[in-house]
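Dear colleague,

Please find the structure for your review below. My findings follow it.

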Amino acid sequence: MRYTTVIKEMNVLFSGQVMVVSEKAIVIQAIPIAGGLFQESLAEDIKENIKEVEKAVPVLFMTPIRFEEMIQLVPVNFSMGIPVEDWQLIIGPTPLKGGVGHFPTNESNHEVVIGASLADQYNWTVGKEIMVNGHKLNVTGVLDTKLALLNRCILMPLRLAQEIYSKSRSVNIISVKPVQGCSQEELADAIEQQVEYVNALTEDERNDMIQPVLAQVETWNISIQTVIFIMSLILVMTVTIMSISERRRDFATLDAIGAPLSYVFRLVILETALIGVLGGILGIAFGSLAALVLSSLYTNIPLAQFFPSIFEIVPPIYMLEIFLSVVVVCCVGGIIPAIDATRMRIAEVLKAEY
Amino acid sequence: MKIKAVDLTRTYRVGPSKITAVDKVDFEVNKATLTAIVGPSGSGKSTLLNLLGLNDYPTSGKIFIDNTDTSLLSGRKRRKIRLFRMGFVFQTFNLLPTLTALENVELPMSLAGKSQKEQREKAVRLLENVGLGDRLYHRPKELSIGEMQRVAIARALANDSEVIIADEPTGELDSKTAKEIIGLLFDINRERKTTVIIATHDEKIVEVADTLYTLIDGKLRLEH
């Protein structure tokens with residue numbers, strides 16, 4: 001859930017802009033996660049040669065796998081190198097936390113601002129010296145943002161990013177803003193005609209690129225849910241049949257004293273529904289905790305940092321869906337045992353006992 | 001309640017063989033009488049009581065309750081007769097283990113749709129009548145077997161049953177407790193004018209019964 005949130009946020013960051021990436025890059029919503037570097041000077045060429053361009057900003061986006069000497073199983077920390085004068089185009093009016101510190105200047109060759117989540121995790125404060133890829137950097141501010149991507153990001157001047165990642169004069173994204181009245185599609189077509197080895201992706205194209213992946217994830221989710229639903233149904237049914245079988249004398253007694261069949265049926269369904277309610281509550285509690293623990297294990301982010309965002313990882317609507325599913329599974333699973341319970345007759349039970 | 005059985009037969013199939021538990025029995029119980037059916041184990045006493053209590057269906061023959069042919073009744077109507085007009089006492093008590101003595105006695109009244117207040121008042125009174133006024137909130141496992149059978153008798157009286165059908169009610173009890181239980185059933189029969197049908201081995205019941213039958217190999221014989 002957190003990763004799909006991050007993926008969706010990528011378009012928030014580059015909203016209204018065409019993203020230019022190398023044809024060879026592996027991209028998620030225009031964010032290159034592998035390969036695809038090109039010369040920074042391409043941004044200038046695009047600006048000069050294509051009249052539909054108002055601004056072209058070169059960006060170096062890196063996903064370090066070794067960070068603070070810890071190897072991350074999945075990339076959760078990002079570095080973004082942006083020319084200082086163009087920062088606002090990328091991060092918008094994002095302020096610094098508490099108004100403390102300042103954004104790095106063009107002259108700076110060791111200053112960075114960091115996301116709040118990173119700051120909390122590593123106890124980094126303004127003025128703190130940190131190590132990234134063997135380079136000592138100074139934290140000059142903490143970003144005050146709710147975007148998960150920026151929260152886990154180290155923002156630095158483009159030159160500094162190129163230096164510490166040894167990507168001299170190279171970038172992997174050019175964020176291009178169209179002139180007034182020009183659509184993203186027109187601009188993208190113009191760029192692709194001018195430059196052969198790049199893809200110019202509009203906001204819609206970026207969404208379309210990720211849609212099959214999200215759809216596949218959804219399909220997998222539904223498949224897994226269906227299998228779990230059927231297995232749970234069988235399990236609930238088996239356990240309830242065993243439980244009814246152990247109490248066959250009680251149900252037969254109810255029949256002997258004249259209890260209506262509907263009463264016996266409701267009794268069993270109510271029992272399984274109550275088990276469902278309890279199971280649902282416990283399942284959500286333990287399941288959510290497990291989701292947090294797994295997220296923490298995979299990302300090396302301390303568990304405590306996930307608690308405030310528990311409703312992002314397991315949204316309330318999911319919790320409600322899970323709860324209702326469990327209750328429904330238990331009720332449906334109780335139907336056959338309930339019918340079985342209504343068929344218990346004292347004569348047969350006593351005959352079997354004696 | 002008057003119960004009459006005509007040419008009543010119940011057979012079972014056990015593997016390839018056929019067992020006749022009740023064999024062409026003619027039987028009649030009049031209102032407010034105490035009837036005892038005696039016979040050795042396996043003679044068919046429980047089967048006969050299950051048939052009379054509408055808990056089982058005969059293979060052939062008929063049972064009439066107040067001249068109504070019960071074979072014509074639907075399952076729902078048979079259940080209603082059991083709930084409102086009959087009370088059952090089993091050898092093994094058959095109390096619901098998760099309910100207290102009070103709740104066990106309240107159960108038939110609850111099923112009959114009586115108010116909570118009425119259920120509570122009557123259940124307390126019935127349990128006091130059977131000498132368990134101080135055991136209201138005990139669960140079956142916290143009661144002695146004699147006390148459990150008293151609770152079962154109180155439960156059988158909950159809906160003012162016209163007939164109590166007791167299958168070996170003293171079978172699990174020591175002689176002193178058995179005597180108390182027999183006395184209790186006798187008092188209920190005499191004071192409430194409740195018809196009582198008891199299947200038993202117990203000699204003491206034989207002494208107090210208005211009518212005595214013996215049942216051997218499914219065949220019933222009137223003794224007195």
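How many residues of chain B are in contact with chain A? In this predicted model, 13 residues of chain B are in contact with 13 residues of chain A, contact meaning that the C-beta atoms of two residues, placed from the backbone, lie within 7 Å.

Residues are numbered from 1 along each chain as its sequence is written, while chains are lettered from A and ligands numbered from 1 in the order in which they are written. As the model is predicted, local features need pLDDT of at least 70 and side-chain atom pairs count only at pLDDT 80 or more, whereas totals for chains, interfaces and linings use all residues.

On the side of chain B that touches chain A, H1, helix H2 (75-85) and helix H3 (101-111) of chain B each supply at least two residues. Helices (H or I, at least four residues) and strands (E, at least two) are DSSP runs, numbered from the N terminus. H2(B) gives the largest share of that side, 4 residues.

Chain B also holds an open sheet of 6 strands in the order E6-E7-E8-E3-E9-E10, with mixed pairing; two strands pair if DSSP finds at least two bridges between them. Its edge strands, each pairing on one side only, are E6 (86-89) and E10 (219-222) of chain B.

Strands E7 (residues 163-167) and E8 (residues 195-200) of chain B run parallel and are joined by 5 bridges. Within E8(B), Ile198 of chain B stands opposite B:Ala166.

Helix H1 (residues 45-52) of chain B packs on the sheet, touching E3 (34-38), E7, E8 and E9 (211-216) of chain B.

Yours sincerely

Methods. Axes fitted to C-alpha atoms, helices over the stretch in contact; angles between N-to-C directions.
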